[in-house]
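Subject: The structure I promised you

Hi,

Have a look around first, then read on.

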Amino acid sequence: MSIKLKITLLLSAWLLIILLLGNSVIYFLFIRITTNSEAGLLREKANTLIAKDLYNHPEYWQKPGPLDEFLIPQEMIRLVTPDLKVLHEVYTDEELLKQRPHYTNKETTKIVHVKGGYYIYVMMPVYNDRLQQLATLEIGQSLGALSGYLETLVSVLLFTSIGTVMLSYAGLHFYIKVILKPLDQLIATMQTIEENGVFKRIHLPDDPKQDELTLLGATFNRMIDRLEDTFLKHRQFLADASHELRTPITVIDSYASLLRRWASSDPALREEALDAIQTESAQLKKLTENLLSLMEEEHRMKRVDFDLTPLIVSTAASLKLTFNRNIETRLPEGDDNCLTMQGDPEKIKQLLIILIDNAVKYSKQTIIVSAEKNAHYIKLQVEDRGIGISKEDLPRLFDRFYRTDKARNRKQGGAGLGLAIADNIVRLHQGTITISSQLGKGTLLTVKLPTTCQ
């Protein structure tokens, strides 16, 4: 069963329930209003008869007699004694006499529903001059016309209810079809994607209404955009990874073949082959480690509170000795020297190594590593005065395997993964990383990390 039919049937059933409840209220209100109106007329008649002192004038009860003018068709008037005996009675409908007599000391109205229709009885006490109750005046009337009215009312309500449900069903089916049209488009689009494997989007109006289905379509389109972007990046990643892995493997295989054929008798050639194999093996190992680092998930990251200051100092000092380059650190002093943050110290150290290593590769001058605390974050910067980066390359520097100069980077041992790893580390720490650079003037990398300093 389709969702359209389900919604239509559910709304139609709900409408039917509302109509049944409404019709029931109308039915019983009609009965109550009609019987209350008749009861009011009977009470007025009872007050008039009591004023005539019927108890002490038996002649009034003779037939024909003075009470005939008060009797209408399908009515009964009688006096009931305390022992429930009928003292006097006149009537025009014997069916009313079948109800047992009523004796009461207060004004009472009673509605009786029998197979033939509705009877209404009004009872009022009759007193003497000393306010002693002598009997009860009981007036009964058959509401035969009410049964006819009720039959007509039921027929009208039934006819209008059936017509309302039928028209509502047709209208609901049409409007739900119109309302759920975006859902049909979504289903058709998803089936096309499933069958053809193409990324397709839902057509949305130029001025879309902000309803739930339109928002669903817009969300679906954004999801497809992200999936397509991820798919393209994944395909590019596989292509780049295959290329990067193929190069050292090809070199190693070539030199291994060379060793097998010729290098055993030529020491110089053998040394060259072994150096090449060792270099490419190291490059392959580094590339593999970088790929594994990129695939690490957040749940593998440690989260501890630590001070960034000694980490910056020790890392800069270690790289200064490794590269034999001048690396200057500029850290806050005094009251502003708090550089405490929460995260994984090993990954932050890896981040520093990547940023400083990049600066060392493309600059011959002093590298400046600085850090300062702002209101809610620590700003870490690595600045070099090297060759710089063109504006065209800046937007893609964090893409995996992207290199501004592939030939030169290849010679320097780079695979284009360093900044991608750095970006991933910063993202795992809920921070941001940006690059500003000018050709011939240098590059500035800025990292902002959340701080735990008060």
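Helices here are DSSP runs of H or I with at least four residues, strands are E runs of at least two, and both are numbered from the N terminus.

Before going further, some housekeeping. This is a predicted model, in which local features need pLDDT of at least 70, side-chain atom pairs count only at pLDDT 80 or more, and totals for chains, interfaces and linings use all residues. Residues are numbered from 1 along each chain as its sequence is written, and side-chain values use heavy atoms, with hydrogens and water left out.

**Helix H3**

H3 covers residues 181-196, and its 16 residues should span 22 Å at 1.5 Å a residue; the end C-alpha atoms are 22 Å apart, so the two agree. The expected span is 1.5 Å times one less than the number of residues. Leu183, Leu186 and Thr189 are buried in H3 (buried is under 20% relative accessible area, exposed over 50%, partly exposed in between, with a 1.4 Å probe and protein chains only). They sit on the same side of H3, because the arc they cover around the axis is only 125°, taken from the directions from the helix axis to the C-beta atoms. Lys181, Glu195 and Asn196, on the other side of H3, are exposed.

**The whole chain**

The chain has 9 helices and 12 strands. Of its 454 residues, 35% are buried. If you count contacts (heavy atoms within 4.5 Å) between residues at least 6 apart in sequence, 60% of them join residues at least 24 apart.

The unreviewed UniProt entry puts the annotation "transmembrane region" on residues 7-30 and 153-176; its positions are in the numbering used here, feature names are shortened, and annotations may be inferred rather than shown by experiment. In the model, residues 7-30 are 100% helix and 0% strand, with end C-alpha atoms 34 Å apart. Residues 153-176 are also 100% helix and 0% strand, and there the end C-alpha atoms are 33 Å apart.

**The antiparallel sheet**

For angles, axes are lines fitted to C-alpha atoms, for helices over the stretch in contact, and values run from 0 to 180 degrees between N-to-C directions.

E5 (residues 133-142) pairs antiparallel with E4 (residues 117-127) over 9 bridges. Valine 122 has isoleucine 139 in E5 as its bridge partner, and tyrosine 127 stands opposite glutamine 133 in E5. E4 and E5 form a hairpin with 5 residues between them, and leucine 131 in that turn has a positive phi of about 60°. E5 also runs antiparallel to E1 (residues 75-80), joined by 6 bridges, with threonine 136 in E5 partnering valine 80. How many of the 10 residues of E5 are buried? The count is 9, so to speak a mostly covered strand.

Glutamine 99 is in the loop between E2 (86-91) and E3 (108-114). Glutamine 99 is partly exposed, with a relative accessible area of 22%. Leaving out residues up to four places away in sequence, glutamine 99 touches Arg78, Val112, Val114 and Tyr121.

**The mixed sheet**

Another open sheet has 5 strands in the order E7-E9-E10-E12-E11, and its pairing is mixed. The edge strands, E7 (327-330) and E11 (432-438), each pair on one side only. The twist averages 15° from one strand to the next. E9 (residues 367-373) and E10 (residues 377-384) run antiparallel and are joined by 6 bridges; alanine 371 has leucine 380 in E10 as its bridge partner.

Helix H7 (residues 345-361) packs on this sheet, touching E7, E9, E10, E11 and E12 (442-450), and its direction makes about 25° with that of E10. Helix H6 (residues 308-323) lies across E7, E9 and E10, running at about 170° to E7.

Cheers

Notes
Pairing = 2+ DSSP bridges.
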